[in-house]
Amino acid sequence: MYLKPLPTRIYRPTALMHPTDISDRLASHLAAIRFEQLPAEAIEAAKRSLLDAVGVMLGASGLGEGCAAFADLARASPGECELLGYATEAPLIPAVLANGALAHALDFEDAFDAAPCHPNAALIPVVLALAQARGPVSGRDLVTAIASGCDLVCRLTLALRADPGDFGWYTPPILGAFGATAAAARLLRLTPLAIRDALSLTLCQSTCSAELKYSRRSVVRAVRDGFSAQAGLVSALLAERGVAGFEQPIEGRAGLYALYARGAWDADALIAGLGAHFYGPEVSFKPWPSCRGTHALIEAALDIRQDWGGSLPVIDRILTRGGPVQRMLIEPRAQKLRPQTAIDAKFSIPFTVATALAHGDVTLERFSDAALNDADVLALAQRVEFEIDPAAGPTDATAGSIDILLRDGQIIARRIEHPRGHPSRPMSWDELVAKFRMCAAQAHTAPSAAQISRLVGAIQHLETLDNAGAALRTAGNKPPTSEAEPAGTVDPRAAHRF
């Protein structure tokens, strides 16, 4: 079943007058925020996101497509920052690039269902590396950096009133870079002016083409957040060294929203409750390693399989429904019916739904080279169709329904409004720990059971740590060597080590 083209949307500059001090307000907020101001639920959310991210990155070091090249590039020179999953170290910036490439490579990291983005993917590699290179950094400061960076990415995404994808852009890594900048700025204790400069420098570096959606062979979609993490870190480091940006990187005539959304944005959505309300507790955690937009349909398929108990040959058609954003998970149709890469399979409704129905699970192993050629899955995927739910809005990217039409005329239907992992149906801490252990076991160089237990304990009690950079190392590595730092900065060699 082929979808009819969506009607062409024409965007014109909004008639509303936006405030001209948005960038200054954001910068002042990021410079002023302190751990004591964070709600308890924001602190807990930051720790959960850190646990989830580190586990997923460890797993990606062994399974992630394209990641090995980033690690090889990074470890060409000795350094002070751990390359997650490789039991070796690299200099600060190459380590952030390599670890950032791991963050989304399994498509298993947390997500913000309210406005599709991955708010922690780019920033957590940055804060981990800075805590090691520029420490000691306290656990409280690390939590504050994660909470504030995550909140900014969610706000930037919520403020969009046009889809940058309509203009050829791919939003999650673009906006994720600004969260990485914010988190780095917090750890570097930048002034409001320097933070505004850093946001300007990020705007000059952060980009991602939506062309990645249409390639059968590309793994850019997997490693994309490496570029975002690097952009955020480099921007903050250059601003720390006095590189001047410009006055309105967010709201300006050629600022973020003018460039990527043709000026269609809502300032109130960006700044309402700033410093009082944090969006981290509203982040979802993934029980299945695929695009969050597939999860409602995976869960519906698993529920039907469990309750129905029928055989696959009696299925005639599988009709799935979802929002406009999920259209990218069905097109190009030939590509989604038989994906050539794991990351493309994770962004395929036909493949993930067929996998759930054929095997009763959707695990990391279901995206191996052998699994991509599973005859039963590929045959079933051919029967999967998709319709856009007319009641769904442009940001409805996670709800979905399935109607399975059997050859005898029977229809089995299931709808999932909020898939597992949503804040209303959260994964428990123990479930996240189990996910962490499962991912860590797939690492290129897997940490021992004792190292995993130590790391889980350190994250659980993160706010009590005086030296988070040391405590969060996944393996005992050699003492750091460091490049000379400019006057006025902390000597990286002062970081405490195990």
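Analyst: A crossing is left-handed if the near helix is turned anticlockwise from the far one by less than a right angle, and right-handed if clockwise. This is a predicted model, in which local features need pLDDT of at least 70 and side-chain atom pairs count only at pLDDT 80 or more, while totals for chains, interfaces and linings use all residues. Residues are numbered from 1 along each chain as its sequence is written, and side-chain values use heavy atoms, with hydrogens and water left out.

User: In which hand does α5 cross α7?

Analyst: Helices here are DSSP runs (H or I, at least four residues), as strands are (E, at least two), numbered from the N terminus. α5 and α7 (residues 171-188) pack with their axes 8 Å apart and at an angle of about 20 degrees, where axes are lines fitted to C-alpha atoms, for helices over the stretch in contact, and angles run from 0 to 180 degrees between N-to-C directions. The crossing of α5 past α7 is right-handed.

User: Are α5 and α7 roughly parallel or roughly antiparallel?

Analyst: Angles under 35 degrees count as roughly parallel, over 145 as roughly antiparallel, 65 to 115 as roughly perpendicular and the rest as oblique. The angle between α5 and α7 is about 20 degrees, and the two helices are therefore roughly parallel.

User: How is α5 oriented relative to α6?

Analyst: Helix α5 (residues 123-133) packs against helix α6 (residues 139-158) with axes 10 Å apart and an angle of about 155 degrees. That makes α5, relative to α6, roughly antiparallel.

User: Which residues of α6 does α5 meet?

Analyst: Contact means heavy atoms within 4.5 Å. From the α5 side, L123, V127 and A131 take part, and their partners in α6 are L142, A145, I146, G149 and C150.

User: How many residues of α4 are buried?

Analyst: Buried means under 20% relative accessible area, exposed over 50%, and partly exposed in between (1.4 Å probe, protein chains only). Helix α4 (residues 92-103) has twelve residues, and what covers its buried residues includes α2 (40-63), α3 (67-74), α5 and α9 (220-240). The helix is mostly covered, the number of buried residues being ten.

User: Is G252 buried or exposed?

Analyst: G252 lies in the loop between α9 and α10 (256-261), and its C-alpha atom is separated by 9.8 Å from that of P19, 233 residues apart along the chain. Because its relative accessibility is 9%, G252 counts as buried.

Methods
The expected span of a helix is 1.5 Å times one less than its number of residues.
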